[in-house]
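Reader: I've got a model open and want to talk through one of its interfaces. Can you walk me through it?

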Amino acid sequence: MLDHIVNGLVLGGTYALVAMGLTIQYGIARIMNLSFGDTIIAACFATYLLFSALNVGPLLALIVLVPAGYLINLGIYRVIMKPLVTRAPDDGALEVDSILVTFGLLFVIQGVLLTIFGGGYTSYSFLNQPIEVLGTAVAANRLLALGLSLAIGAVLVAVLYRSRWGMILRAVAVAPQSAPLFGIDTDRAARTAFALGGALAATGGVVLSMFQTFTATGGVVFTMKALIVVILGGKGSVPGAIIAGLLLGLVETFVAAYVDPGLTLASVYAVFLALLLVRPNGLFGKA
Amino acid sequence: MKPIHAFPLAGAILVALAAAPLFVSDYWTGVLLGMTGYVTLATAWALFSGPTRYVSLATVAFFGVGAYTVAVLNETLPYPLVLASAAGIGAVIALVVGLSTLRLAGVYFVIFTFGLAELVRQTVSWWEVNVTYTMGRYVFLPFEGRHIYWQLLALATVTLLISWGIGRTRLGLALQAIGDDETVAAHAGIDVTRVKLLLFVISATLITLTGAIQAPRWTYIEPSIVFNPTVSFMTLIMALLGGAMRLWGPLVGAIPLFFLFEWLSVSFPDHFSIILGLLFILIVFWMPQGVLAKIEDLRKGGRT
Amino acid sequence: MSAALQLDNMHKRFGGLVAVKDVSFALTPGEVVGLLGPNGSGKTTVMNMISGALPSDGGRVRVSDTDITRMPPHRVARHGVARTFQLVRPLPTLTAGENVLLSLAFGHKRHWGREAQAMVEEKLAFVGLGGRGNERVGNLTYIDQKRLEMARALASEPEILLLDEWLAGLNPSELKIGIDLVRHLQGQGMTILLVEHIMEAVRALCSRCIVMSAGEVIAEGGTQDVLSRPAVIKAYLGDDHA
């Protein structure tokens, strides 16, 4: 039972990590990014490449891939998203536009990955040795993944809630119309938020690749789960994403262990459905 | 064009299309079949997602349900009942999705439909493996390409008629109002949730039937075959290219894109995902209302 | 005679903020009553709770003895309540005539077809937009959009009309036209609740006023009387001027 809890937390930690990125993109930049999961998978493949071709370990890969994720997404925002933001008459229209555009982007990224890497399952071996934790054996890479997720989550929460810059981002999420009245450059905040979300996606990809096999077409399922975590935790709430992510990871692991591994997605959806009926604004959103 | 001219013209074209398989090769019948299928999918998709702006990404979920229902029931029930069952199942799934998401903001609907195909596929696979102990089903219906084509042609006609009919009634006005401003629509007396639900169920049922009718094309059906995400993507891009708010928009978008799709899958099979994705992004950027609307704008003097 | 519109102990909170606290008042049929108060006093929230745009957290709303508390907007509309919105919200992809037709088609008498077309023209003419049914909403001036807003509300054939700062942003001659229009409606027996800041209009149209401040009713009575009370002046202008 204990190893399920640990595995559940590891998986949940990764979900929390990626959901943080998506909740920032959706809550602050107001972009519903359906290609988010594919960004994660792209980072998985990049880590794999660095590891197998250049013998660069995932931890070192972070140093390259996280800034890369930031800059690439900054570019995507400037070129693709900004024109949509400018022309959208209201939030609803922007949402529809961003859904459509990122849906197309999803196919582009997936297509590129398929062309380069093919459709098979990929993985690499890193820190596979088991470590004793509370009486049960856990793979070292999973522990590292969990540690990284929690550490990054803690740093992000600290930055968002303690720094002036973080306060600006939160202000834009909460009151986008009023933010400019306080001298906040909402465009810059949105740009930064989108890029930051991308950086978190890249981090999530690196972390995930350490212990999970991945495939070029796996992005959709990831995006879906990240979306559900975002809604569960409340749109734009990073603490919410962390808790909801951990929860979902636990639910999925327990369903796989005690019910059936083939029903994990169904269980995630069941949670989503229950949430929609009871508290659509999330566990932590405004009721 | 006034209806008094349009109807006989459309009727004549329909007769010509129906007669086609008697004069052309099997290959071209297959092309017409595929194209008619997509015209139906795109028009049915636009029926709901066009005016309400609730983007449904679940087209292939319903398509697959239709096809798979036929695969499961084709030896147990007479064909008309099989089709009716497929339609019924599609409608029920649409009701579940609709009742849980349509009274909320559009994004919940999108999220639900985004993963729906994958969810249904996985659930069906699980069911087949663990409950019925089968993997894959056989469709033994005595239909040739032309028979499937004629059925699809009938369905396409029905779909277009439904779309045309709704546009002329109160319901069409309500739909447009809902897409513009739900609060104002509600204050005018429109039960917004009920209208959305009705349209979504109609749209989903038509899509389910399209899949059901096409099932005999694959003699052997497995979940991974009929729940192919490309179908959802193609439907969307076709409807958007032509214009999701126009009666003929989806048809106008479906025909050229279908040919492009066929050509790409032969010439650039590994890249068509990328090419279509880029094309889609371009359409959202430059022609979000579709080609027909763009042409109209240009004729009016170039104001976008 | 039962009240046309009756509110009892209406309450609304947004998170930690109590926007409306224990608000009660009643309108007799045919009255034009002003709902006044500085910005943020909760007037629009009260309007939203009556029209169904916002669910109340407590209290009761009745229209001629029918309880409409927490009903969704489309059902409230069918019970004879119509409203205009503070920021004009014409439906952009519909023509002016279609905007009006919408309310006619889905109001509590559900008109359609030729009969409805005639009524569309009648409503448009009443507000001064006669013959302009085919115009695109985007081409209308601000005051014309306001007129359309009124036409759309009237097309629901309401017994009670909620006007949410409908006269705001008008120049003096436009204001006079607007006031005359409301007076005309009053002459036809419409019960009207007027949220307004423009005192000239309030004095001209309202026999009675209810003043809110910080979510509560602080004064109620004849217009002249209420507007000269120190508490009301203080609420609007602050302590110095009382």
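Reader: Which side chains meet in a salt bridge between chain B and chain C?
Author: Keep in mind that this is a predicted model, where local features need pLDDT of at least 70, side-chain atom pairs count only at pLDDT 80 or more, and totals for chains, interfaces and linings use all residues. Residues are numbered from 1 along each chain as its sequence is written, chains are lettered from A and ligands numbered from 1 in the order written, and side-chain values use heavy atoms, with hydrogens and water left out. A salt bridge here is a side-chain nitrogen of Lys or Arg within 4 Å of a carboxyl oxygen of Asp or Glu. At 3.0 Å, N to O, the pair that meets is Arg89(C) and Asp181(B).

Reader: Which helix gives the largest share of the side of chain B that touches chain C?
Author: Helices are DSSP runs (H or I, at least four residues), numbered from the N terminus. Both α7 (170-180) and α8 (182-187) of chain B supply at least two residues of that side. The largest share, six residues, comes from α7(B).

Reader: How much area is buried between chain B and chain C?
Author: Buried area is the accessible area (1.4 Å probe) that two parts lose on being put together, summed over both. Carbon and sulfur atoms give 65% of it, and the total is about 1,900 Å².
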